[in-house]
Amino acid sequence: MVFVRPVTGKKLLGSAGRHTVVTDRTVEDGGTDTGCTSGELLLLAMASCATGSIRKTLAAGGLPADDISVEVTLVPPKAPSARDGILITLFLPQLVLAAGTEPIVAAATSGGVVSRIQLGSHVEVRCKPLECFPHPRQS
């Protein structure tokens, strides 16, 4: 269970158990940009869920599970009345790609967060080599 309450302006304080997080809107949307937007937190939750499920699948298959990155983005709808799509891109080492991606793609959508969201939105998964990851890895 999570709780959210207003702080000031567009800033909100969310809590989940003993953890808290501040959400905010962008400056262009009247916020101060001092926290993630709600949509960014949703995508972050999906990426975290997919990453955990993928790591479990890789470890069970004896494959390296620590050197992966997952990116989740919204894809504009194909028709004006349609919902946004969700694209999950997996950046994987060549060794993992060579072993076959079918179980990894299945794992990416098997976790509790992603599987629930997938019931209402199209979720697509793509696999790419780790060296294509566009952002520097944090140590």
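Trainee: Hi! Where does Thr109 lie?

Mentor: Hello! Thr109 sits in the loop between helix 3 (102-108) and helix 4 (112-118). Keep in mind that we are looking at a predicted model.

Trainee: Is Thr109 buried or exposed?

Mentor: Thr109 has a relative accessible area of 16%, and the cut-off for buried is under 20%, so Thr109 counts as buried.

Trainee: And which residues is Thr109 in contact with, leaving aside its neighbours within four places in sequence?

Mentor: With those set aside, Thr109 is in contact with Val114, Ser115, Gln118, Val123 and Val125.

Trainee: Nice. Let's move to the core. How many residues does the largest nonpolar core have?

Mentor: The largest nonpolar core has 23 residues. Those with the most contacts inside it are Ile54, Val70, Val72, Ile88 and Leu90.

Trainee: Which elements each supply at least two residues of this core?

Mentor: They are helix 1 (38-60), together with strand 4 (69-75), strand 5 (85-92), helix 3, helix 4 and strand 6 (123-129).

Trainee: Where does the largest share of the core come from?

Mentor: From helix 1, which gives 7 residues.

Trainee: You mentioned Leu90. What does Leu90 touch, not counting residues up to four places away in sequence?

Mentor: Quite a list: Leu90 touches Ile54, Ser69, Val70, Ile104, Ala108, Val125, Arg126, Cys127 and Lys128.

Trainee: Arg126 might carry a charge partner. What does Arg126 form a salt bridge with?

Mentor: Glu124 is the partner, and the closest N and O atoms are 2.9 Å apart. Arg126 is partly exposed at 38% relative accessibility, and Glu124 is partly exposed with a relative accessible area of 31%.

Trainee: How many salt bridges does the structure hold?

Mentor: The structure holds 3 salt bridges. Another one joins Arg25 and Asp29, with the closest N and O atoms 2.8 Å apart. Arg25 is partly exposed at 31% relative accessibility, and Asp29 is partly exposed with a relative accessible area of 34%.

Trainee: And what does Asp66 form a salt bridge with?

Mentor: Asp66 pairs with Arg55, and their closest N and O atoms are 2.3 Å apart. Asp66 lies in the loop between helix 1 and strand 4, while Arg55 is in helix 1, so the pair ties together parts that are 11 residues apart in sequence. At 58% relative accessibility Asp66 counts as exposed, whereas Arg55 counts as partly exposed at 38%.

Trainee: Changing topic: what is the strand order in the open sheet of 3 strands?

Mentor: The order is 1-2-3, with antiparallel pairing. Strand 1 (2-6) and strand 3 (19-23) stand at the edges with a single partner strand each, so one side of each has no neighbour in the sheet. The twist averages 20° from one strand to the next.

Trainee: How many bridges pair strand 1 and strand 2?

Mentor: Strand 1 and strand 2 (residues 12-16) pair over 5 bridges. For example, Val4 has Gly14 in strand 2 as its bridge partner.

Trainee: How many of the 5 residues of strand 1 are buried?

Mentor: The count is 0, and strand 1 is hardly covered.

Trainee: What about the hairpin of strand 1 and strand 2?

Mentor: It has 5 residues between the strands, and Gly9 takes a positive phi near 55° there.

Trainee: Which residue other than glycine has a positive phi?

Mentor: Asp33 is one of them, with phi near 55°. Asp33 is found in the loop between strand 3 and helix 1. Most residues other than glycine have a negative phi.

Notes:
Residues numbered from 1 in each chain as written. Predicted model: local features only at pLDDT ≥ 70, side-chain atom pairs only at ≥ 80, totals over all residues. Heavy atoms only, no water. Pairing = 2+ DSSP bridges. Helix = DSSP H or I, 4+ residues; strand = E, 2+ residues; numbered from the N terminus. Axes fitted to C-alpha atoms, helices over the stretch in contact; angles between N-to-C directions. Buried < 20%, exposed > 50% of the residue type's maximum accessible area, 1.4 Å probe, protein only. Contact = heavy atoms within 4.5 Å. Core = buried A, V, L, I, M, F, W, Y, C linked by side-chain atoms within 4.5 Å. Salt bridge = Lys/Arg side-chain N within 4 Å of Asp/Glu carboxyl O.
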